[in-house]
Amino acid sequence: VAQPESEEFGAERSNLWMETVHSLAGRFMEAGELLKFYAELSESMPWYDPRRHTTNDIVRAAIIPLSHRAGRGRAFANLSERPDAVGLLPERMVTHDWRNLFLHLVAAILADALGKDEYGAIA
């Protein structure tokens, strides 16, 4: 028989939940930072082929190694030093499929930043 949760435990879990939500909500990259990362991708992944490599490929071969600091992984979006961004929230939320081409993800984000309805011409 399951024991009902105590109010104290529920409140503690709720506080942890909210801290996590706020932490995740504060992760972002500006379009210029993404473009810089993309332009420098060949330094960390010389074999990168924009017509073949997926977002998953980029995460495994470039982002995870680049975001590994002092024996721990960090969110790649949190690596950029932005003292003026403390407390800011992103203007957009991006969702994607890890199996799609990374080129298409970058192009879609940049198209949105440029006010375009489609990303094909950018890709």
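Among the elements of the chain, which has the lowest mean pLDDT and which the highest? Please then turn to helix 2: which of its residues are buried, and what do they pack against?

Reply: This is a predicted model, in which local features need pLDDT of at least 70 and side-chain atom pairs count only at pLDDT 80 or more, whereas totals for chains, interfaces and linings use all residues. Residues are numbered from 1 along each chain as its sequence is written, and side-chain values use heavy atoms, leaving out hydrogens and water.

The lowest mean pLDDT (the predictor's confidence in each residue, from 0 to 100) belongs to strand 2, residues 72–73, at 68, and the highest to helix 5, residues 102–113, at 96. Helices (H or I, at least four residues) and strands (E, at least two) are DSSP runs numbered from the N terminus. The average for the chain is 83, with 76% of the residues scoring at least 70.

In helix 2, residues 31–39, the buried residues are E33, L34 and F37. Seen down the helix axis, they fall within an arc of 100 degrees, so they line one face of helix 2; the arc is that of the directions from the axis to the C-beta atoms. G32, K36 and A39, on the other side, are exposed. Buried means under 20% relative accessible area, exposed over 50%, and partly exposed in between (1.4 Å probe, protein chains only). The buried face packs against helix 3 (41–44), helix 4 (55–67) and helix 5, contact meaning heavy atoms within 4.5 Å.

Rings of Phe, Tyr and Trp (its six-membered ring) pair if their centres lie within 6.5 Å; planes under 30 degrees apart count as stacked, over 60 as edge-to-face and the rest as tilted. F37 and F102 are edge-to-face, because their ring planes stand at 90 degrees, with centres 6.2 Å apart. Since F37 lies in helix 2 and F102 in helix 5, this pair ties together parts 65 residues apart in sequence. F37 is buried at 9% relative accessible area, and F102 is buried at 4%. The rings of Y38 and Y48 are likewise at 90 degrees, with centres 5.8 Å apart, so they too are edge-to-face. Y38 is in helix 2 and Y48, 10 residues away, in the loop between helix 3 and helix 4. Together, F37, Y38, Y48 and F102 form one aromatic cluster.
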